[in-house]
Amino acid sequence: MEAFLGNIDSVIGGFSWTVRLTVISAVFSFVLGVILTSMRVSPVPFMRVIATGYVEVVRNTPLTLVLLFCGLGLNSSLGLTFSETVAWNVYWLAVLGLSAYTACFVSEALRSGVNTVPFGQVEAARSLGLTFTQNLRLIVLPQALRSTIGPLGSVLIALTKNTTVASVAGLGVQEASREMKLMFDQGVVPVIPTFVGFAIGFLILTLPMGYLFGWMSRRLAVAR
Amino acid sequence: MKLAQQNETSRLFDAPGPKAKARQGVYTVVTLIVFAAALLWVYLQLDEQGQWDAAKWEPFLRPETWTAYVVPGMLNTLSAALQAAVLAIVFGLVFGIGRLSEHWWIRVPCGAVVEFFRGIPLLMMIFFLLALPLAINQLTGLPASSFRVEPLMAVVVGLTLYNGSVLAEVFRAGINAVPKGQSEAAYSLGMNKRKVMSLILVPQAVTSMMPAIVAQLVVLLKDSALGYIVSFPELLRNFSLIGTRFNSVIPAAIVCAIIYIVINISLSRVAIWLERRNARRGRASAHIGEAAMTEEAVAGVTASGNIGTVELHEPDRRERPDGPDRSDPDRPA
């Protein structure tokens, strides 16, 4: 156990990257997801095609490939860099990949939420003379958001767990799972307690999220 | 305006009149220009780096690239996914039924196992499985070299534990969704618990849950790409080898993505087809909630969906006058 506690710094370091990846990617993917959803329900057919095409392509690609593409493709081959320091550069590349990937699932959740808004709401808004954008912004999206809090919570939990894939070669963000693997590779730490420790770390992150979103979705549910 | 033609996308706006049509035409053109400009920019960026050189794409026209890299990789991916799929279904059935047991000493451990494997990242599980020889060495003092965990085994076991846990929840929801009259009738015919479960409940649950099961198998197939990280020579790994060997990372990534997308979309179509067929036959396709279905399965997030959101789509409520709440913890299993 001392060997594990002796590494407590790298454990905390790893989880701090995990949290940073999760929070920033969550913000970006939410924004992108809302934009994609708006495009998918818009009156302009071409926008619908683009957004649907993007979602279908990216969500059917394995996340490992998406992040590998960010690392080896965008960074190494095309020379896209975000920061001078390596750690922050790979961090932003990983955020880019995770956001691009997660936005698809945010969009899917929101779109199913849009479908739960009763037709009468939309019709009433239209008959008041609201334009499509006003309708979406004032009537549909607020209701859709409230009814998709539960699914969005699942997406966030999935994102938290998916940040481990950012340890893929060519990217190598020093997040928790990578720290754990490095400890195993050194061969000194006790394997089972270390694994249990890291697993508890992830459960500490995801379990409260699940309860919080469950509580919020009950509390904010649209009464119909 | 024809209400019958109202689909989800046209709910938010009226059928356009002449003015709106003109406006939408303008928007279409603007979008088209922006999109074309973005594509052109990407094309030029790639061109500047010489990514469209024939030399970078030429390897994909050679048959030996396909026989030496793509086909073996695909076979590895498919065999790992197939093994994991079979094992995950067995695991899911055992633990899904276990969670419905009336004995707490079966119910509680099964629940704990399912929740644990759903709650931790799959990649961490795979790393742990690869470190198992070391763990055995530390516990028993036996030399670590006397055990070996092959990457294939770690990937298959990891995929089994994670997806099996998700499937356990799917099966549990499916069994709970079978109308209560079915098991009551079976008991009144004198069947015992085992027979009610195996002859009445499980077959109906599997039928109604088939779309969700197939969709979860798509997730499993997609997650098998994690094998790349632990050097399991599956499709993605072999494509990265092509990428490094011929110095064509971007073309390799594009071709690889196309293969994954084609496989996954065709499998998703099977799930949608199964769901439509169920609906046509008047059977309820029980979902783990619209939400969990979208996230977990069809969309393929490796999410741990809320257990609380189990809801049922039942076209025929007459069979079930007592509503959708069948989460009776003491129901016989």
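**Fold of chain A and its interface with chain B**

Read along the sequence, chain A of this predicted model follows the pattern α-α-α-α-α-α-α-α-α-α, with 10 helices and zero strands; helices (H or I, at least four residues) and strands (E, at least two) are DSSP runs, numbered from the N terminus. Along the principal axes, the C-alpha atoms of chain A fill a box of roughly 70 × 45 × 25 Å. The model is a predicted one, in which local features need pLDDT of at least 70 and side-chain atom pairs count only at pLDDT 80 or more, whereas totals for chains, interfaces and linings use all residues. Residues are numbered from 1 along each chain as its sequence is written, chains are lettered from A in the order in which they are written, and side-chain values use heavy atoms, with hydrogens and water left out.

An unreviewed UniProt entry lists residues 15–36, 57–78, 90–110 and 188–214 of chain A as "transmembrane region"; such annotations may be inferred rather than shown by experiment. Residues 15–36 of chain A are 100% helix and 0% strand, with end C-alpha atoms 30 Å apart.

The model scores ipTM 0.90 and pTM 0.84. Contact (heavy atoms within 4.5 Å) links 65 residues of chain B with 71 residues of chain A. The area buried between the two chains is about 5,800 Å², of which carbon and sulfur atoms give 70%; buried area is the accessible area (1.4 Å probe) lost on putting two parts together, summed over both. Zero salt bridges are counted between chain B and chain A, a salt bridge being a side-chain nitrogen of Lys or Arg within 4 Å of a carboxyl oxygen of Asp or Glu.

Elements giving two or more residues to the side of chain B that touches chain A include helix 1 (18–48), helix 4 (104–119) and helix 11 (249–280) of chain B. Helix 11 of chain B gives the most, with 10 residues.

Where pLDDT is low, the predicted coordinates should not be read in detail.
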